[in-house]
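Please consider the sequence and structure shown here.

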Amino acid sequence: MIETRELTKTYGRVDAVRDVTFTAAPGRVTGLLGLNGSGKSTTLRMLLGLTRPTRGQALINGSRYRDLKNPLRQVGAVLEQGLSHPGQTGYAHMMTQAKLSGASRERATALLEYVGLEDAGGKRSGEYSLGMRQRLAVATALLGEPSVLILDEPANGLDPPGMAWLRGLLRDHAYAGGTVLISSHLLSELELLVDDVVIIGEGRVLRAGPLDELRAGTQLRIRGGDHERLTTAYEQAGASVATDGRALWVAGLSPEQAGDIALEQRIPIYELVAETQHLEDVFLSVAEAR
Ligand SMILES: Nc1ncnc2c1ncn2[C@@H]1O[C@H](COP(=O)(O)OP(=O)(O)OP(=O)(O)O)[C@@H](O)[C@H]1O
């Protein structure tokens with residue numbers, strides 16, 4: 001479980017993070033979304049005890065990071081800057097880190113295999129691709145069998161199969177009761193993964209909630225015989241109607257209602273599709289509403 005309460009970090013006159021309150025619950029994957037510079041890394045760094053909050057609280061399993069007993073057994077982190085020494089092999093890195101987190105050598109070896117680096121374990125990590133470094137960072141984070149995982153922009157450097165692998169791993173972690181908090185500006189990548197979303201902009205929480213609730217606004221895309229008359233009829237029925245030049249976008253009616261109204265007006269319908277909003281649409285509408 002992760003909780004922040006009125007978490008704030010001020011650098012000089014800049015509020016990097018301001019009054020950020022959210023919860024990332026066990027059994028769920030929570031996405032922290034925002035543009036570059038919106039305060040994601042600063043929030044995660046405060047949770048991990050790497051940056052001291054100006055005020056407010058950042059709690060993992062009910063405690064500040066520095067008050068956690070055995071922190072490496074409670075929380076694993078994948079941060080943007082790699083952890084490993086470039087001259088050290090992946091294998092040697094895992095053995096050093098295993099000692100720090102009290103994990104066995106067997107677990108370290110098994111994790112190298114789990115992240116797909118069994119053949120690259122003898123190579124210096126400085127020679128790894130960005131994607132391989134991310135895999136090594138994930139293996140390191142999992143060493144202490146932590147219930148909480150925190151990942152800052154892990155999609156950077158991962159190719160599509162790598163991203164699919166990471167999605168599977170994080171979903172399994174949440175399914176087993178773990179808590180996952182992942183930051184990203186790649187909305188389409190996150191849409192396939194997260195259960196809950198916290199959108200931040202300029203250091204503040206703009207919107208937070210379950211993904212399904214945030215993108216609940218289903219719209220109908222309708223192409224018919226007479227768009228002008230259709231618009232009038234739908235608006236009279238209480239819907240809001242927009243057009244992209246080729247089709248009408250209708251919010252506030254079911255497909256059945258929209259079809260029946262067109263039939264009453266004797267206007268032919270050539271195409272009628274119910275489209276669920278994408279995370280990107282939610283993000284843009286939140287950003288525009290500010
Ligand atoms: N150590 C620091 N000193 C001064 N300003 C900082 C420091 N760290 C972050 N900031 C500022 O705080 C704001 C938020 O930065 P942060 O790195 O948390 O954003 P982010 O959402 O993680 O962005 P990115 O995806 O680019 O890393 C930015 O305006 C940044 O310039």
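The questions and answers below concern a predicted model.

Q: Into which domains is the chain divided, and how far apart do their C-alpha centres lie?
A: The division gives domain 1, covering 2-213, and domain 2, covering 219-288. Between the C-alpha centres of domain 1 and domain 2 the distance is 41 Å.

Q: Which element gives the most to the side of domain 1 that touches domain 2?
A: Ten residues of domain 1 are in contact with six residues of domain 2. On the domain 1 side, at least two residues each come from α7 (187-191), β8 (196-201) and β9 (204-210). With four residues, the element that gives the most to this side is α7.

Q: Which element gives the most to the shell around the ligand?
A: The residues around the ligand include Y11, V14, A16, K40, S41, T42 and H185. Two or more residues of this shell come from each of β2 (14-24) and α1 (40-47). The element that gives the most, with three residues, is α1.

Q: How do the residues of the shell around the ligand divide by class?
A: Among the residues around the ligand are G34, N36, G37, S38 and G39. The division of the shell is one charged, three nonpolar and eight polar.

Q: Are α3 and α5 roughly parallel or roughly antiparallel to each other?
A: Helix α3 (residues 90-101) packs with helix α5 (residues 130-142) at an angle of about 20°, their axes being 10 Å apart. The contact involves G90, H93, M94 and Q97 of α3, together with L136, A139 and T140 of α5. Angles under 35 degrees count as roughly parallel. The orientation of α3 and α5 is therefore roughly parallel.

Q: Is the crossing of α3 and α4 left-handed or right-handed?
A: The axes of α3 and helix α4 (residues 105-114) come within 9 Å and cross at roughly 140°. The two helices are therefore oblique to each other. The handedness of the crossing of α3 and α4 is right-handed.

Q: How many residues of the contact of α3 with α4 are nonpolar?
A: In this contact, G90, Y91, M94, M95 and A98 of α3 meet R105, R107, A108, L111 and L112 of α4. By class, two residues of the contact are charged, one is polar and the number of nonpolar residues is seven.

Conventions. Residues are numbered from 1 along each chain as its sequence is written. This is a predicted model: local features need pLDDT of at least 70, side-chain atom pairs count only at pLDDT 80 or more; totals for chains, interfaces and linings use all residues. Axes are lines fitted to C-alpha atoms, for helices over the stretch in contact, and angles run from 0 to 180 degrees between N-to-C directions. Angles under 35 degrees count as roughly parallel, over 145 as roughly antiparallel, 65 to 115 as roughly perpendicular and the rest as oblique. Two residues are in contact if their C-beta atoms, placed from the backbone, lie within 7 Å. Domain bounds come from an automatic or database domain assignment. A residue is near a molecule or strand if its C-beta atom, placed from the backbone, lies within 6 Å of it. Ala, Val, Leu, Ile, Met, Phe, Trp, Tyr, Cys and Pro count as nonpolar, Asp, Glu, Lys and Arg as charged, and the others, Gly among them, as polar. A crossing is left-handed if the near helix is turned anticlockwise from the far one by less than a right angle, and right-handed if clockwise.
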